[in-house]
Structures are given as C-alpha cells and as structure tokens.
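Hi,

Here's the structure I said I'd pass along.

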Amino acid sequence: MPTTPTTPPVPPAPGASTPAPPPALTDVDAYTAGLIDFVTASPSSYHAAAEAARRLEAVGFRRVEETAAWGRDLPGRGCVVRDGALIAWMLPEHPTGRTGVRIVGAHTDSPALKLKPSAALNGCGYQLINAEVYGGPLLNSFLDRELGLAGRLVTRDGAVHLVRTGPVARVAQVAPHLDRGVNDSLRLDRQAHLLPLWSLIDDAVAVGAPTGAAGAGGSAGPTGAEDPTGPARFDDPASRGEPGAVEAHLCELAGISPADLAFHDVLTFPTEAPARFGRHGEFLASSRLDNLTSVHAGLVALQALAGGGGVRDGAQWDARTAVDAVVLVANDHEEVGSATRSGAAGPFLQSVLGRLARVMGFEGDARQALLARSLCVSADAGHAVHPQYPHLHDPVVRPRLNHGPLLKVNASQRYATDAVGAAAWERACAAAGVPHQEFVSNNAVPCGSTIGPITATRLGITTVDVGQPLLSMHSQREMCGVQDGPWLAQALLAYWVGR
C-alpha cells in the first residue's frame, strides 16, 4: 500500500517521558481564555473557518485548495476551507487493511439575523437594517443588545473579503408605558419588530429620503416641511437615507469600492465580550457557544495531537505507527438544515474523505471497507437541566453544568447514538479520565437534531452524538460551565489516539 507523506511529530529523546497534554487542554483558565479568544475572532461561520485554519497552520498543518488535484504530495497534516466550513486531517504514514477514519464533526454557524440585499430601510427618521431570521433563535434575545455585522463580501471578480464591524446596530424594544401587556405576552413579528436600527437620517436631507419601510414604522421623516431644518451633520449614505448605505459601510471597512460589490453573506452578532461569572467563576456567558464550544474543543484536541501530547496513560498519536486517520470537520448551515454545499447534508465531507482515501491507496471496494471501519463523533451543544423549568426535562436523566460532556440519545434517531457508538465514547472518556453524562428528552418535549444523523445517513459511518451542556441555548447570550470544555477536548483527544 502506498506511503502517505506526512510531517510526524518530533519524537521524545531517548529516555524522555511521553509529552503530557498541553495546558490549553487541561487547565480550565487557559482553556476558557482560548475559547473566549476563539469566539471573539469568529463572529460568523466564515471567520470561524478562517480562524480555525490559521490556528492549525500555526502548528504545522498546510492549507490546500479544493480546486487543485490532490496527489502524493498532499500533506499528511492538512486542512481545506469551503466557505464557512473546514476539514482538517492527520494521515498515518503506513495505512493498512485495518485503517479507518476517526472523525469529529461540529458546526460553525449560530442563529442570527442575516442581511437582505440592499439592506437599508428608512422609517420615522431612522435608517434600519433589513434582515431575516437565520436559524431558530430565542427572538427576545436580540432585543436591546448592541449588534455588529460580520460575514463575507464577494466582488465581481469573485474575490472574497471577510468583514466585521463594531457595535453599529440595535433592536430596540418598546417601553412598557406604550405596551402595558408586554410583560404578560411578548410577541415579536419577524418583519416588523426585529429590524435593527443603525443610523439617523439627517434632518437636512430627511425630506427627500426614500421611504420603503412599511413594516418599519412609516415615512422617512417630517412631512409638510418646505426646507431643511439646518446643515447636514454627516455626509454619508446612511445619513442621506440611501438604500445602499449598509453595503457602502461594509465595503469601506473591507477596502473595496461599492461599485465592485457583487453580493454578500453578512449576519449580525452580539458585540458584548464573553464573560466568566458565578461565585467561583464557574460559568461562561457568550454568544455562539452553540456550537463554537465543539469546534474549539476539536481544535484544541487536534493541536495537542499534532504536538505529540498524550492522554492520561501516556498514549499518543504518531504518524509513523498510527493505524487510523484523524479528521476534524466543522460544517456550516446546521442551524438551517445543513442542506448546502458546505453543510453536513452536502458533499463536502464525502468528497474530502474520498480524496484522502485515494491518497492513502484505498480505491473502489477498499474505500468502502475503509468507511465501514470508521467512526464519527458528532459534537454539538446539548441541554443542561434548567432549575426553573425541570418539568421540561426527563424526570430521571438531568445533566448539569460542570459535570462532564453529554452522550445524547434519542429513540427516534434525532441523535445518531447507538450502543456501538456509545461504547466507543465510553472508552474515550475512561481513557481520558473525564466524567460524562447522558441526555435524553422528556417524552412530551420534541427533540432537536444535529449533523450526526445526516453524516451517518450520507456515509454509513457509525456515529455517536455528544456535546457540552448549555443553558439558554439559541440565545444571543448562552451559558456553559467552564470545566466541561476541557473535559470534552480531553475525551476527543483520547478518541483520536484510539483509546
């Protein structure tokens, strides 16, 4: 069988002990600081994929392009980015008839507001941002929160420009003085009530500003005025009420001309910094914990693996002796069903696995056998028991924050976990010496799903669903325990090592 090129870790000197897992993997403070940095650097799926690639390149992974042929010079440690998704791998130098692929899957996207084309609307002297709901968020969590814009701009020549703003927008809630029933029953119309405002139309030009905000509160400015009330304060498209004002601002930040912009994929994100809290600093509040907690855990484990770090018993992955290949996939668009070219229902993982199999020498039937020997851990955030809503949880199985990652089980296969996959996860947690918990739904409460069943369906690979427990899932300010992340990363490392 052909030899696969690789960059093996530097072996320990004779008589030296096996390297221990790095502090970023085992130290709660260091791990949490790393997660905060990762979330801050990843306001959109496109930024998350780029930041993950950057971190992997820093530890010796080589980024390759899908558009080039992958031959024998393919790096043994490599990664590829497709839109807002990333796949990274470490290949054994000498694959055999026992070789399989150990996959960890996660996703980079989170619920948000996504900008529509020509995203400015004018109403009552304000300019608002015309956006639609992406995913299934807690709608009220958008209210009274300073939002930034982040994503990608694509110019007419096909070039991609990542862009992010600071706090520029806010969905302002109506005061209880104006709606006396707001504390009894809050109902948010997605078109009328969830458009972030981001600028005032200058009084000097408001009379002539375009309207077009039927769902946003009426006309552009004062009516019946004959003359401007004074000189313009700002000379910019937003103050002039121009329909392309949002795009013009994003282009300015990206250093491109608005005339060159072809289209954009831009979403809102909360700009409030992640924060530790609790009597002992045991909790973390942040946006996008679902599912950047899993992406980060996979990244930290893969970085440790590349550096020769071992699990509790000293075992480590070495390309010269490893049997199985290691793959991390961070898909996009899980929150909207995964049915895209970079989502789990698309061909990205299947295509990359096929190309890697060919480089390792597996063709035809041998490739199918390779997949049959493989395993996927689908890592996605799960639900901790809520102390004020315990009736919504299973009466017996009640996972808690800082008690270990979850094994997620569902009789209708909304999670892909079966007994074979669960046993593999149990072995990994035992080898890492970390606690773990189970999650099952209350029979009367519908269960969400993950990339796990989709991946299992597409590839026929045994798949197990796991994840870090959260509270306030799909809020713009989610909450986790700081100990569960390091434990998840340690278990993923043990799984990749093959324990």
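This is a predicted model: local features need pLDDT of at least 70, side-chain atom pairs count only at pLDDT 80 or more; totals for chains, interfaces and linings use all residues.

The protein chain has 499 residues, and 54% of them are buried. It contains 10 helices and 21 strands. If you look at contacts with a separation of 6 or more, 78% of them come from residues 24 or more positions apart.

Let's start with strand β3, residues 85-90. How many of its residues are buried? The count is 6 of 6, so β3 is largely enclosed by the rest of the structure. In a regular strand, side chains alternate between the two faces of the sheet. Here, Ala 85, Ile 87 and Trp 89 point one way, while Leu 86, Ala 88 and Met 90 point the other way. Both sets are buried.

β3 has strand partners too. With β2 (residues 77-82) the pairing is antiparallel, over 6 bridges, and Arg 82 has Ala 85 of β3 as its bridge partner. The hairpin of β2 and β3 has 2 residues between the strands, and Asp 83 takes a positive phi near 55° there. β3 also pairs with β14 (residues 325-331), again in the antiparallel sense, this time over 5 bridges. In that pairing, Met 90 has Val 326 of β14 as its bridge partner.

Next, the open sheet. It has 5 strands in the order β12-β13-β21-β20-β16, and the pairing is mixed. Which strands stand at the edges? Those are β12 (275-277) and β16 (382-383); each has a single partner strand, so one side of each is left without a neighbour in the sheet. Further in, β13 (residues 283-286) and β21 (residues 478-481) run antiparallel and are joined by 4 bridges, with Phe 283 standing opposite Gly 481 of β21.

Two helices lie across strands of this sheet. Helix α2 (residues 28-40) lies across β12 and β13 and runs at about 5° to β13. Helix α5 lies across β13, β20 (469-471) and β21, at about 35° to β21.

α5 (residues 289-306) also packs with α3 (residues 45-57), at an angle of about 15° and with the axes 10 Å apart. That angle makes α3 roughly parallel to α5, because angles under 35 degrees count as roughly parallel. The crossing is right-handed. On the α3 side the contact is made by Ala 48, Ala 52, Arg 55 and Leu 56, and on the α5 side by Leu 292, His 296, Leu 299, Leu 302 and Gln 303. By type, that contact has 6 nonpolar residues, 2 polar and 1 charged.

The other helix pair I looked at is α6 (residues 348-360) with α7 (residues 365-372), packed at about 115° with axes 10 Å apart. Is α6 roughly parallel or roughly perpendicular to α7? It comes out roughly perpendicular, because the range for that is 65 to 115 degrees. α6 passes α7 in a right-handed crossing. α6 brings Leu 353, Gly 354, Ala 357, Arg 358 and Met 360 to the contact, and α7 brings Arg 367, Leu 370 and Leu 371. These residues divide into 5 nonpolar, 1 polar and 2 charged.

That's everything from me for now.

Cheers

Conventions. Residues are numbered from 1 along each chain as its sequence is written. Side-chain values use heavy atoms; hydrogens and water are left out. Axes are lines fitted to C-alpha atoms, for helices over the stretch in contact, and angles run from 0 to 180 degrees between N-to-C directions. Angles under 35 degrees count as roughly parallel, over 145 as roughly antiparallel, 65 to 115 as roughly perpendicular and the rest as oblique. A crossing is left-handed if the near helix is turned anticlockwise from the far one by less than a right angle, and right-handed if clockwise. Contact means heavy atoms within 4.5 Å. Ala, Val, Leu, Ile, Met, Phe, Trp, Tyr, Cys and Pro count as nonpolar, Asp, Glu, Lys and Arg as charged, and the others, Gly among them, as polar. Buried means under 20% relative accessible area, exposed over 50%, partly exposed in between (1.4 Å probe, protein chains only). Two strands pair if DSSP finds at least two bridges between them.
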